[in-house]
Amino acid sequence: MSSESRRSFLRTASMALASPAVAAPLRAIPSPRVAEASPSSFDKQTMHSLADFTALSFNTDQPTVFGAEIVDTKTGQSLQRSLNAVFPLHDPSAHGEIYTIRLACAKLKAPWLKGYTLYTTCEPCPMCMGCILWSGLDRVVYGATIDDAARFGDQIMIYAKDMPKKWDHPCLVDGPVEHERCLALFTDPRMQAEFKRWKAR
């Protein structure tokens with residue numbers, strides 16, 4: 001991929017202007033058995049597409065396993081899709097979920113997202129779940145689990161489903177959905193090399 005192509009993709013990914021992307025099939029390695037949620041066909045399709053979109057980052061100089069998409073809960077229409085932007089923005093709070101929430105709220109010119117659902121390739125960390133709850137999202141659907149993520153890097157081990165129990169407003173948390181496909185993002189050799197670079201920093 002040329003430098004101009006990489007720049008073009010990163011602009012598209014960060015602002016989520018692209019239509020649903022198609023990447024090469026992802027291949028998972030054996031993992032601990034995880035009981036999947038009972039997702040709808042739309043949940044599966046959306047997570048499948050989001051995982052493929054996230055995998056496109058592996059062909060750039062800013063690969064990441066963390067992608068998120070916000071859709072209208074009733075219609076399924078996509079509002080915003082983007083990737084983790086911690087390194088591009090030099091911002092430790094720019095996780096995929098939070099960055100996508102920021103862009104979606106800016107698009108709506110509103111500080112809340114009631115009536116919307118967030119899909120994310122990995123179970124949200126406590127920071128992201130806090131932002132999800134404050135934003136008023138109806139529902140969160142995740143792919144890989146926080147236990148999966150902890151195998152490859154540091155994690156604050158508070159499960160996403162536990163946080164709404166401390167909150168006054170309803171927010172459903174469902175997952176894992178398309179678990180093996182999302183886990184394959186972590187186990188891809190290109191991402192494994194990137195994890196080593198992250199640790200070296």
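Are Phe-66 and Phe-186 buried or exposed? Both are buried, a label for under 20% relative accessible area, with exposed meaning over 50% and partly exposed in between (1.4 Å probe, protein chains only). Before the close-ups: this is a predicted model, where local features need pLDDT of at least 70, side-chain atom pairs count only at pLDDT 80 or more, and totals for chains, interfaces and linings use all residues. Residues are numbered from 1 along each chain as its sequence is written, and side-chain values use heavy atoms, leaving out hydrogens and water.

**View 1. Here is the sheet, with its strands in the order β2-β1-β3-β4-β5.** This open sheet has 5 strands and mixed pairing. Strands (E, at least two residues) and helices (H or I, at least four) are DSSP runs, numbered from the N terminus, and two strands pair if DSSP finds at least two bridges between them. β2 (78-83) and β5 (172-174) sit at the edges with a single partner strand each, so one side of each has no neighbour in the sheet. On average, neighbouring strands are turned by 15° against each other, direction ignored; the axes behind such angles are lines fitted to C-alpha atoms, for helices over the stretch in contact, and angles run from 0 to 180 degrees between N-to-C directions.

**View 2. Now zoom in on the hairpin of β1 and β2.** These two strands pair in the antiparallel sense, over 5 bridges. Ala-68 stands opposite Ser-82 in β2. Between the strands there are 5 residues, and Gly-76 takes a positive phi near 80°. β2 is mostly covered, with 5 of its 6 residues buried.

View 3. Phe-42 counts as partly exposed because its relative accessibility is 32%, while Tyr-119, at 2%, counts as buried. Rings of Phe, Tyr and Trp (its six-membered ring) pair if their centres lie within 6.5 Å; planes under 30 degrees apart are stacked, over 60 edge-to-face, and the rest tilted.

**View 4. Back to the opening pair, Phe-66 and Phe-186, which is edge-to-face.** Their centres are 5.8 Å apart, with 85° between the planes. Phe-66 lies in the loop between α2 and β1 (67-72) and Phe-186 in helix α7 (residues 179-187), so the pair ties together parts that are 120 residues apart in sequence. Ring pairs link Phe-66, Phe-152, Phe-186 and Phe-195 into a cluster.

**View 5. Last stop: the cysteines, with 0 disulfides in the structure.** A disulfide is a pair of cysteine sulfur atoms within 2.5 Å. For Cys-182, the closest cysteine sulfur belongs to Cys-122, 8.4 Å away and too far for a bond. Cys-182 is buried, with a relative accessible area of 0%.
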